[in-house]
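Welcome! Open your viewer, keep the selection tool at hand, and follow along one stop at a time.

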Amino acid sequence: MKWGNSMQEFAKILSNVKIAKDIWKMELKTDLAKTAKPGQFIEITVPGFYLRRPISISEIREDVLVIIYKVLGEGTLKMTELEGKLDIFGPLGNGFPIEDKEEVLLIGGGVGVPPLYETAKQYLSKNARVTAVLGANDADSVFYVDEFKALGCDVYVATMDGTLGTKGTALDAIKENNVTCNFVLSCGPLPMLKAINEQYSEGYISLEARMACGLGACMGCVVKDVEGHSLRVCKDGPVFEMGKVAL
Amino acid sequence: MKWGNSMQEFAKILSNVKIAKDIWKMELKTDLAKTAKPGQFIEITVPGFYLRRPISISEIREDVLVIIYKVLGEGTLKMTELEGKLDIFGPLGNGFPIEDKEEVLLIGGGVGVPPLYETAKQYLSKNARVTAVLGANDADSVFYVDEFKALGCDVYVATMDGTLGTKGTALDAIKENNVTCNFVLSCGPLPMLKAINEQYSEGYISLEARMACGLGACMGCVVKDVEGHSLRVCKDGPVFEMGKVAL
Amino acid sequence: MDISVKLPGLNLKNPIIPASGCFGFGKEYAELYDLSVLGGIAIKSATPQERFGNPTPRIAETPMGMLNAIGLQNKGVDSIIENELPFLAQYDTEIMANVAGACEEDYVEVIKKLNDQPVIKAYELNISCPNVKHGGIGLGTKPELAAHVTKICKEAATKPVYVKLSPNVTDIVEIAKAVEEAGADGIVLINTLMGMRINLKTGKPLLANVTGGLSGPAIKPVALRMVYQVAQAVNIPIIGVGGITCAEDVLEFLNAGASAVEVGAQNFVDPYVCPKIIEDLPKVLEKYGYKNIEEAVGRSFK
Amino acid sequence: MDISVKLPGLNLKNPIIPASGCFGFGKEYAELYDLSVLGGIAIKSATPQERFGNPTPRIAETPMGMLNAIGLQNKGVDSIIENELPFLAQYDTEIMANVAGACEEDYVEVIKKLNDQPVIKAYELNISCPNVKHGGIGLGTKPELAAHVTKICKEAATKPVYVKLSPNVTDIVEIAKAVEEAGADGIVLINTLMGMRINLKTGKPLLANVTGGLSGPAIKPVALRMVYQVAQAVNIPIIGVGGITCAEDVLEFLNAGASAVEVGAQNFVDPYVCPKIIEDLPKVLEKYGYKNIEEAVGRSFK
Ligand SMILES: Cc1cc2nc3c(=O)[nH]c(=O)nc-3n(C[C@H](O)[C@H](O)[C@H](O)COP(=O)(O)OP(=O)(O)OC[C@H]3O[C@@H](n4cnc5c(N)ncnc54)[C@H](O)[C@@H]3O)c2cc1C
Ligand SMILES: Cc1cc2nc3c(=O)[nH]c(=O)nc-3n(C[C@H](O)[C@H](O)[C@H](O)COP(=O)(O)OP(=O)(O)OC[C@H]3O[C@@H](n4cnc5c(N)ncnc54)[C@H](O)[C@@H]3O)c2cc1C
Ligand SMILES: Cc1cc2nc3c(=O)[nH]c(=O)nc-3n(C[C@H](O)[C@H](O)[C@H](O)COP(=O)(O)O)c2cc1C
Ligand SMILES: Cc1cc2nc3c(=O)[nH]c(=O)nc-3n(C[C@H](O)[C@H](O)[C@H](O)COP(=O)(O)O)c2cc1C
Ligand code: FES
Ligand code: FES
């Protein structure tokens, strides 16, 4: 565009398929992939809805972005029907830092798992040992176990009803399997993040918030840090240092 | 439906193609075709827009309805992109009466032409002689001349800029070609209908109005008859006896 | 699940009522489905004499909504009694007569004529229609005036009186309290917001009447807010209206404090919307864990 | 076509101004495009001290619109002067400082501090934010109060003062006239409508603040109506706001009587909307036969 760059694009939907209970995976062909980092997100316009939906980038492949989304409300339900083009804006947010580490522990709960996949890939490519612990409600909701294994991660699963892996939370699986790594990258539901934030002191967590602008201008998505200053999940996050945010 | 009939259906779009300047033709597979009459209309939901769009039925073929629409505003523009299913409601309105006549004169202006096509078919099948006069702005906007001819109509064309047929209005073409039939069925822009309403005393005209309900309940689409009583275009019309409505 | 609701004068088998002006006198929709499935029907505003309403265009589309400037077109109360009520009497549903006028006396006149019509179960005073000059609008925007018309209507009426309020006011609670105090049996919230569109081709207002009443999903947040505010301030039941399209919307209004709802413009978009909602509502209530419909009413502030 | 507009204090190269609260202090959008393309920028409301705003969730979606209950979060006027204005000074665009507060003195305090900031070209008094308790809302709904705060701000200000009005009132014209008489140099119409959503899962209000301000296309008809009414009643320029998404919408506001416009929520939906509109507007004006932009202003009633 003559008056600036373009972080908005009509990406081509290469595929849009169901991969687990209420969980869908969509592959998008887009030049925006070139600048994307693990843990960043895109904002998606769903036809018929006013605000964009923030969805994490799950995988980055040259000119392809993969997203994995859960059918939660009307907008994500509509997304399951989409084909053709998708209006996306991004990549947004800071993303997970890829630091020099020998070992990292990824803890994902539900649709907190997707951003950890590209994160795993990039840590593995820097020769870190990666352990992924994936939590879900039940076996039908678990996804990407094989994909994480195929990358070369150690994978543990926890389900609340015990239908797969450890019965309980991801933290229960960590205990049961004596996972000792202390550098944690995590994304998932708030109660899980709270527990992790208490238990670990090193690493990063990725938060969710209801967003309007997605780029830091509207102050819709703020959280407070432990000193009481406000932080924008969309711009200062969604990834925050462990212990920094008052959850 | 267990609590009544259904005049609403998700019709299958069989085709949706451009046939003249800004003029598109859409074929719909729908059981609603079974009860449709010439001159009736359907109300169409265009994704992203709140109110339905009224569009005349142009042709009725067993379980197929054909509509012809002009790209006028945002809704009809969006219609050109549609494929798959279309939410339609109808058939609505009274339609053109098919009376016992030896000769009928059809006068259509712009997108007033479409409803006359099925009307021609049905009069021809009752062995009436049918003359069709089609008016448009320019040659590029003229459509269905061959189709009316193929049915067996005498066809005359008028264009405002003279690029096809008589230069001027449909009434000019009637004069130029000495069309004498006095029983007129007409649909088109208001100025044309006004002129016809003055010049002819026998026959019917079909009106347009901004509609909300399309079925006679909201009083959004009223016109007055010459005695000052109000008539609903959607329910008491869209077809009215010549001379009845105060235009 | 039993979703019946008992309100003053109205034994609703379900809380779904097509809104006044959006359903005529039922005849057209009766060609589509059996009106006896409905909780009730709020019929088109009746005035003492016939009204032709405003010039056309009377309808304009807006983002997720519409404007109307019908101007209370109706044949007058006598004609309605003669030509419309006998038809409605066939159905097992509760009829609310919406009453309008150009001055207070008009309301009383209409009510007196309808008092001995057994098919009418309650009145709904339209003191809020923004489309009539010197009409309801003044009444609905001042607490004293709203209270006064309510009072004289109550005196004239032999059936419960609901007052339908205008949302085009600074303080809806003040007006609701005033009509409650004046004896209203219930409150209907909201009528349309006053809006406008321009026809770009002419540069002039699209509606012949210049302004019109905004309805449809666009206004739902405003309607919910007013129901929520008023429900906490009054002790009479509230019927919620504004942008309802589905059973989930109905539950939102119940949670906000409405005991029943009216469905307006959506009847135009989906003519079968009322029976669909009636079919879906028990399932939606169950899905969100309600054992009965009363549990849902006013949950947002209880 | 030259689409520049001259308003008190503001030499707009085009009539497009991102609305207050929807563009922060420009930094984030500056990463997307050159802010110098904009006619002006209405920066986020400034208060004397830092405000943290309301608890979250602060955002809810509605049909073709959204609710926000940010609660005027900002770092306070001193921090804005230090940290935000120098950045904005780089750009060739007209900055309007939106001023808010919990009482009249707050407005004066903010204005006094901004008076000697050359980057600020005019003030926009937010007497209409519905999200602050005991805050602006009272001021914006009573003509006497609106006039009084306008008057003391005019006395304090060394730059033109625009007053941004609340649409949540019975009579917008009355308030507009009052602020005109009190010396306002222009009027901005409209701020958000007060609305609400329920979270069906909890049955409770979705926003932590319970109610929020409705914006987006849903409110456009209400905004147009108010601009149209006020434009005919006052002799100061009007900046139109509410639901603008494209150049056609801008023309609708111009026809209704606005001299310039602000674009709010659409910046979130389409972050490039302002430059797009600026590019399209001359074409749209030409398409509808205008030789210059003034011809379009107020055409609906001229
Ligand atoms: C940074 C970020 C990354 C995310 N990544 C993913 C992901 O990879 N996969 C995935 O399935 N989900 C992800 N989410 C959550 C996802 O945004 C919501 O599930 C989705 O917006 C729900 O939309 P809906 O229309 O189905 O729900 P509705 O409830 O109908 O949506 C109504 C409004 O609320 C917002 N909303 C509702 N729930 C949430 C939520 N949990 N978080 C944020 N906004 C919400 C919607 O965006 C919309 O504006 C992410 C959220 C954030 C903030
Ligand atoms: C009974 C009837 C039959 C019709 N048959 C045909 C037909 O066969 N082919 C055809 O091309 N057109 C027909 N029209 C006109 C057609 O309805 C409009 O062109 C169409 O609604 C414009 O929609 P839009 O979204 O493109 O325009 P917009 O201007 O964006 O629409 C905005 C709103 O105004 C309404 N509207 C705008 N123009 C008209 C109009 N002229 N008449 C009625 N409503 C209007 C729209 O329905 C919508 O509600 C018919 C109209 C009626 C009443
Ligand atoms: C075309 C139309 C006509 C209306 N006529 C009346 C009326 O005569 N009396 C009345 O009280 N309300 C009338 N209303 C208002 C509705 O009853 C209802 O309060 C409003 O439309 C909001 O509900 P909705 O968003 O579901 O349409 C009318 C609304 C529309 C759309
Ligand atoms: C997230 C958000 C924050 C806002 N903050 C302010 C504010 O600080 N001051 C103000 O005067 N208006 C504020 N507004 C109102 C807008 O400036 C504008 O008046 C309103 O949103 C209507 O325009 P729109 O429909 O284009 O969004 C805010 C609006 C939104 C959506
Ligand atoms: S969503 Fe606007 S600041 Fe984060
Ligand atoms: S469109 Fe409702 S009566 Fe004709």
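## First stop: ligand 1

Begin by selecting strand 4 of chain A, which gives four residues to the shell around ligand 1, the largest share of that shell. Keep in mind as you look around that this is a predicted model.

Of the 20 residues around ligand 1, the ones to highlight are P54(A), K70(A), T76(A), E208(A) and R210(A), which come nearest.

Next, zoom in on some individual atoms. Which residue places a polar side-chain atom 2.8 Å from a nitrogen atom of ligand 1? Select E208(A) and you will find that side-chain atom. Then turn to the backbone: at I68(A), a polar backbone atom is 2.8 Å from a nitrogen atom of the ligand. At G75(A), a backbone N or O atom lies 2.8 Å from an oxygen atom of ligand 1.

How much of ligand 1 does the protein cover? On its own, ligand 1 has 820 Å² of accessible area, and the protein covers 88% of that. To see which elements give two or more residues to the shell, colour strand 4 (53-56), strand 6 (64-70) and helix 1 (74-79) of chain A.

## Second stop: recorded positions in chain C

Let us visit two of them.

Select I190(C), in the loop between strand 10 (186-189) and strand 11 (193-196) of chain C. Is I190(C) buried or exposed? Its relative accessibility is 3%, so I190(C) counts as buried. Leaving aside neighbours within four places in sequence, show its contacts: K164(C), L165(C), P167(C), I219(C), V222(C), A223(C), M226(C) and V241(C).

Now go to G243(C), in the loop between strand 15 (238-241) and helix 8 (247-256) of chain C. At 11% relative accessibility, G243(C) counts as buried too. Beyond its neighbours within four places in sequence, G243(C) is in contact with G216(C), P217(C), I219(C), K220(C) and D249(C).

Conventions. Residues are numbered from 1 along each chain as its sequence is written. Chains are lettered from A and ligands numbered from 1 in the order in which they are written. This is a predicted model: local features need pLDDT of at least 70, side-chain atom pairs count only at pLDDT 80 or more; totals for chains, interfaces and linings use all residues. Side-chain values use heavy atoms; hydrogens and water are left out. Buried means under 20% relative accessible area, exposed over 50%, partly exposed in between (1.4 Å probe, protein chains only). Contact means heavy atoms within 4.5 Å. A residue is near a molecule or strand if one of its heavy atoms lies within 4 Å of it. A polar contact is a pair of N or O atoms within 3.5 Å; within protein, one must be able to donate a hydrogen and the other to accept it, and residues adjacent in sequence count only if both atoms are side-chain atoms. Accessible areas come from the Shrake-Rupley method with a 1.4 Å probe; for residues, only the protein chains shown count as cover.
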